[in-house]
Amino acid sequence: MLILFCPYCGVKAEETELAPGGEAHLKRIGPDGTAEEFEAYLFARKNLKGVHFERWRHAYGCGKWFLAARDTHTMQVYGTYKAQTAHATDDIVANARQARPEWVPDWPQASEAVAG
Amino acid sequence: MPSRRYSVFAIAREALRQHGGWTRAWTSPEPRDRYQVVIVGAGGHGLATAYYLGRNFGITDVAVIEKGWLGGGNTGRNTTIIRSNYLQDPSAAIYDKALKLYETLSQDLNYNVMFSPRGLIMLAQTEHEVRGYKRTVHANTLQGVATEWIEPARLKELVPIINIDGPRYPVLGGLYQARGGTARHDAVAWGYARACSDMGMHIIQNCEVTGIETEGGQVRAVNTAKGRIGCDKLALVVAGHSSQLADMAGFRLPIESVPLQAMVSEPIKPCMDVVVMANTVHGYMSQSDKGEMVIGGGTDSYNAFTQRGSWHHIEETVRALVETFPMISRLKMLRQWGGIVDMTGDRSPILSTTPVGGIFVNCGWGTGGFKAIPGSGWAMAELVAQGRPGPLAAAFGMNRFREGRFIDESVAAGVAH
């Protein structure tokens, strides 16, 4: 059974205690967005086989949303972090890169940090 | 060399010579460096696409390439249920085409796919479901798909082992499709493979695609574990890994991949000669010819590619079925497995052209692809051969998500397929 650490409660929660919320860090498209952008926001998902960032809600605990970095192929959990975070934290990136050296984060700051 | 025709005379002849004359049902050639059409994925849908390309359009310069073994993905992992009682017109058209093709598939392929139209009941266990299924019956009547609403007493006659007066979810009636049933899933893949091989097509197993070559927005070749294979047209028919293949070709699909589990019990004497699906409590069950109870449940609700699935979903499914069928409570489960299903936002498939010229996708069948195999292959062959969708595939283009033309089966199809 999948077990995730709730960063708010500070407890380990089994998946029956949690509600999944799909891919994390999606940018909401405003009223001036194009049809393509809106389609991408609603339906196009990365659906990665590997490091995946996703939303979870501690439904039968504190009820709050948090984010997790999980490997969809090996089911390894690289870490969880609060929902009010723009990107996964450095230690989660390090965990993921240790398991998958070929993986590079797709947000600019971290890629530069890794390259540097 | 075409394989020998199977018949009662062939069995009699072989019985007289210790069955030494049977040959392999399909050949396993090394790939040539070029084909007119390359199909990725030797599951039911891929092989059916190849078969109807040959049969309906005379295109036999075809290779079907497969990462693992033939029919080893979702084709060999489903609960073999066949039905066409969908709500929306485009769904009814393609699923009923599939059902009609299944009815004569053994004769068409000269291969016994053990199609068993034993009837299928979807239980209504809430007032919402009663209304929903009555609506589906009316829709099916307009579509020319024979289904009927049955009351609990009739349902109990058809399924004597069912507990009508469940404490939590009493059975209030059911949506009955007498033409629905099951078929032998492996035989469907094997039958199509044999027929394709007889037409001179190449089926290449253990040949994972590692890249897709395009030039000027047009597909040129696929790179595989067995080298580069050139092609004019490329069909991606890979279910759970559709996003990965699309990524190689440089476009995205509105697909998410999640595990779906199934299991079988120890074999018991015949006790249920229909397929029963209980969508409110997430479980469906039929009895195989060997006597095993074949059981399926809901999908995991998060993305994964593990082909295992979550333990608590098994518990949920079995708990629901024990309440509905109390006599199975002492059964031991023999095997449990998972497959990776490709879910779309409206729970309907995608048969579509793509942003890359010459590449076509057939995916998004989600939890219910097996029943659609012949119809899907028929429509996909039309799409690949003509370069544009025919009447069956027209509504299932991937641009429907941009245009808001959803074919919403999430209510009618529910969780279980």
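Predicted model: local features only at pLDDT ≥ 70, side-chain atom pairs only at ≥ 80, totals over all residues.
Colleague: How should I read the contact between the domains, and how many residues of each are in contact?

Modeller: The size of an interface is often given as the accessible area lost when the parts come together. Here the description is by residues in contact, counted where C-beta atoms placed from the backbone lie within 7 Å: 24 residues of domain 1 of chain B are in contact with 26 residues of domain 2 of chain B.

Colleague: Which elements supply at least two residues of the side of domain 1 of chain B that touches domain 2 of chain B?

Modeller: On that side of domain 1, α3 (89-103) and α8 (242-249) of chain B each supply at least two residues, and α3(B) gives the most, with four residues. By class, the residues of this side of domain 1 divide into seven nonpolar, 13 polar and four charged.

Colleague: How many residues does the contact take from chain A and from chain B?

Modeller: That contact takes 18 residues from chain A and 19 residues from chain B. On the side of chain A that touches chain B, α1 (35-42) and β4 (51-57) of chain A are the elements that give two or more residues, and α1(A) gives the most, with three residues. This side of chain A has seven nonpolar, five polar and six charged residues.

Definitions and conventions:
Residues numbered from 1 in each chain as written. Chains lettered and ligands numbered in written order. Contact = placed C-beta atoms within 7 Å. Nonpolar A, V, L, I, M, F, W, Y, C, P; charged D, E, K, R; others polar.
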